[in-house]
Amino acid sequence: MQILTKNWNKIDPLRIDSYIKTGGYESLRKAIREMTPEKIIEEVKKSGLRGRGGAGFPTGDKWDLAAKTPAKEKYFICNLDESEPGVYKDRTIAEKNPHQIIEGLLIGATAIGAKKAFIYINGYYRKQNEILEIALEQARGKEFIGRSMLGSAIDIEVDIFQGAGAYICGEETALINSVEGNRGEPRLKPPYPPVAGLFGKPTIVNNAETLANVPFIIKRGAKTYSQIGVSGSPGTKLFVLEGAVKKQGIFEAPLGTTAQELIYNSLYGGGMASGKDFLFAQIGGASGRLVTAGKLDQPLAYGAGEYNLGCGSIFVADKSTDLKNLLFSWADFFHRESCGKCVPCREGTYRLWEIAKRIKKNEILKRDKENIEDILWTLSNTTFCPLGNFAAIAWSDAMKMFGKEIFG
Ligand SMILES: Cc1cc2nc3c(=O)[nH]c(=O)nc-3n(C[C@H](O)[C@H](O)[C@H](O)COP(=O)(O)O)c2cc1C
Ligand code: SF4
């Protein structure tokens, strides 16, 4: 079953009519003309849709909270920041089928009663930004956006907000700060954005892939959607497969598919690339766990298994992988992307990066192992937001798996 990739390469992303011909915007029409906001939320709740931005939070519950929080103004934001290294699924949806995201966003905004919506896009994604600008303009021309949408009493305006490409601005409260013109730093939670978000008003931030599922749910019904994937984690997922596999790229598969299948099945990765021996798979981007061959057979689904599915990327390392360089690349990324708001992350990621730079050059000191363990504990337990924890995940697994090999 394909929900997200079905029309890729079939429709012209620059022509709205080409999306409409495939049944596009029928779900928005149905949501506006045949459903109440409560009914839309009920349907999304019943579908079991969970957020694809990493945490897997139930989408309908979030919408319900924002809908029920009394306020004159509410906001709806599509998160298209996607700054995790090796992950490019959201920007690919924007490139191949931008209206599927926009339609999901408009249905969500209708459901919570938001008159203003944003697509928050990483400023480096110029091509996708241009495609989305054109798509929004064409949707306005068809009365899908703007005043009295489709002849109803609903008014929703949608704007694009370009971020500066900081990883932390993918975190919803940092993103909200950035839209307000403040420093892209996370806020203390609670209050959560559905209660007090942009300009203190109820705000939904949803990942672009999450929103791209919504038109299908409204058109085909929650029951059909909930039967795809696994119980508690329905639907399909875009998996980004990179590294030492035969076929790299984006594959859509039902949630619950195992990493074993994604790497070895000919429908997906097709097995290890010629001459490469499997070492581990890193699941969920630079902040993902390192998974050994014996544990690849666990279902990849939200709230299931030993490791987090996160944004759904899988990087396959083989036995020729330069581990010291890989350790450095993780430390380099997180020390660069730490926003600096809290000391344990600002200092911890910097010290780890300093040590990693030396390890890469084989300049290993006696106290390095102990210092690394100290830093990893601090990052895992004391930072203000999850970015600090993320910086320690792959390093902690690598220390357990290869610590002896590296430090003797
Ligand atoms: C450091 C950090 C970076 C994040 N980056 C992204 C991102 O690029 N895109 C995204 O959708 N969510 C990202 N998130 C998760 C968001 O905070 C939020 O949970 C998500 O956008 C909610 O959408 P969803 O419920 O549809 O998953 C990030 C979280 C953290 C802690
Ligand atoms: S953990 Fe890192 S990214 Fe998060 S607030 Fe602290 S310094 Fe900023």
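Me: Quick one on this predicted model: how many helices and strands are in the protein chain?
Reply: The protein chain has 15 helices and 11 strands.

Me: And how far does the C-alpha trace span along its principal axes?
Reply: About 70 × 45 × 35 Å.

Me: What does the radius of gyration say about that?
Reply: For 408 residues, a compact globule would come out near 22 Å, and the protein chain has 22 Å, so the two agree.

Me: What share of the residues counts as buried?
Reply: 49% of the 408 residues in the protein chain.

Me: What about contacts, which ones join residues at least 24 apart?
Reply: If you take contacts between residues at least 6 apart in sequence, 71% of them join residues at least 24 apart.

Me: OK, switching to ligand 1. How many residues surround it, and which are the closest?
Reply: There are 22 residues around ligand 1, and the closest are G51, G53, G170, N207 and T210.

Me: Which element gives the most to that shell around ligand 1?
Reply: That's β4, with 3 residues. β4 covers 203-207, and α15, at 386-407, also supplies at least two residues of the shell around ligand 1.

Me: Which domains does the shell draw at least three residues from?
Reply: Domain 1 (16-227) and domain 3 (323-407) each give at least three residues to the shell around ligand 1.

How values were computed: Residues are numbered from 1 along each chain as its sequence is written. Chains are lettered from A and ligands numbered from 1 in the order in which they are written. This is a predicted model: local features need pLDDT of at least 70, side-chain atom pairs count only at pLDDT 80 or more; totals for chains, interfaces and linings use all residues. A residue is near a molecule or strand if its C-beta atom, placed from the backbone, lies within 6 Å of it. Helices (H or I, at least four residues) and strands (E, at least two) are DSSP runs, numbered from the N terminus. Domain bounds come from an automatic or database domain assignment. The radius of gyration is taken over C-alpha atoms; the globule rule is 2.2 Å times the number of residues to the power 0.38. A residue is buried if 20 or more other C-beta atoms lie within 10 Å of its own, exposed if 12 or fewer, and partly exposed in between; C-beta atoms are placed from the backbone. Two residues are in contact if their C-beta atoms, placed from the backbone, lie within 7 Å.
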